[in-house]
Amino acid sequence: MSSGGHGSATDRRLNALFRHLSSSARMDPQQLNSIAASPTSANQNDSVFSHVVRAPEDPILGVTVAYNKDPSQVKLNLGVGAYRTEEGKPLVLNVVRKAEQQLVNDRSRVKEYLPIVGLAEFNKLSAKLILGADSPAIRENRVTTVQCLSGTGSLRVGAEFLARHYHQRTIYIPQPTWGNHPKVFTLAGLSVKSYRYYDPATRGLNFQGLLEDLGSAPAGAIVLLHACAHNPTGVDPTLQQWERIRQLMRSKGLLPFFDSAYQGFASGSLDSDAQSVRMFVADGGECFIAQSYAKNLGLYGERVGALSIVCKTADVAGRVESQVKLVIRPMYSNPPIHGASIVAAILRDR
């Protein structure tokens, strides 16, 4: 920019600003001079974010941060659980490598945007994996499934939808539960309360306390349930206890929200680990299910998950999906294609 007789562009803008302020606010010339002398702040070296304090590390992910910083050669990462080789190196499952190679060799694959709801085949196969291929809810088109950013994203999208469209804003979570659950639901706009779950004395389920707390919950409240392999205790209800939980929740109109992060890990059977969810779907009632493929396929960094909402009718499911899309669009627009394609390639191949 020229700095000749007419002044710089910045000078011209400031002069125009001063004229405007003088005519509209009738400011004193001395005030205008002080603005000219300090157009931004008293100390231009200060950041506008100087007041921001350093946040503590995430209690779970922070362990990995500490592990990476530790110079010792004799150390073990007790942070996020992930597959490792005998040498402690990250492990990619052979089935994932095989599926990925097939995808790479397929020259017809492109990198176009997915729809807001994600990869259609992935959604269809994910619903079948958790609900069963012969599920009446799937057959009757009462299930809407959307691809989300792993289990966390699935929980958040479901919670945001509930905060906008469900008459109850309270969700009951087990005590204890995964450390991210309270944050996800609170920031989505729900009020978080807890129900008794683990009994330290017996290292088992506090079943009586669970029934009492859910029994005193307000009608229609949302209840978070771990489908299997409860995190962090590893304690799950028996099938008989699940049935009593189902009866109690349905009698009070409580809405189940399943977090299924470990399907296949508790029993070694994908079908057995889905029985709790299938019980609640078999009675014709409604429920939410968040699925993650981070653990059972080792796709941690691919962020592959799904949210399924089981509704009373196909018409309601269609309308619910239209509103879920309005939650997703301003959040991340649409999900990534690669990880979902890996899962779809594996699930379609017996």
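Trainee: Are Phe 185 and Phe 257 buried or exposed?

Mentor: In this predicted model, Phe 185 and Phe 257 are both buried.

Trainee: How many aromatic pairs does the structure hold?

Mentor: There are 8 aromatic pairs in the structure. In the pair of Phe 185 and Phe 257, the ring centres lie 6.0 Å apart and the planes meet at 65°, so this pair is edge-to-face. Distant parts of the chain are linked by this pair, with Phe 185 in helix 8 and Phe 257 in strand 7, 72 residues apart.

Trainee: Why is the pair of Trp 242 and Phe 258 tilted?

Mentor: Planes under 30 degrees apart count as stacked and those over 60 as edge-to-face, the rest being tilted. The planes of Trp 242 and Phe 258 stand at 45°, with ring centres 6.1 Å apart, so the pair is tilted. Trp 242 belongs to helix 10 and Phe 258 to strand 7, 16 residues apart. Buried means under 20% relative accessible area. Trp 242, at 5%, is therefore buried, and Phe 258, at 0%, is buried as well.

Trainee: Which residues do ring pairs link into a cluster?

Mentor: The cluster consists of Phe 161, Phe 185, Phe 257 and Phe 288.

Trainee: Where does the charged end of Lys 75 sit?

Mentor: The charged end of Lys 75 sits over the ring of Tyr 67, 4.4 Å from the ring centre.

Trainee: Which residues make the nonpolar surface patch of about 340 Å²?

Mentor: Val 48, Phe 49 and Val 52 make that patch. Val 52 lies in the loop between helix 2 and helix 3.

Methods: Residues numbered from 1 in each chain as written. Predicted model: local features only at pLDDT ≥ 70, side-chain atom pairs only at ≥ 80, totals over all residues. Heavy atoms only, no water. Patch = residues over 30% accessible without salt bridge, like charges linked within 9 Å, V, L, I, M, F, W, Y side chains within 5 Å. Areas by Shrake-Rupley, 256 points an atom, 1.4 Å probe, with all protein chains shown as cover. Salt bridge = Lys/Arg side-chain N within 4 Å of Asp/Glu carboxyl O. Helix = DSSP H or I, 4+ residues; strand = E, 2+ residues; numbered from the N terminus. Phe/Tyr/Trp six-rings, centres within 6.5 Å; stacked < 30°, edge-to-face > 60°. Buried < 20%, exposed > 50% of the residue type's maximum accessible area, 1.4 Å probe, protein only. Lys NZ or Arg CZ within 6 Å of the ring centre and 35° of its normal.
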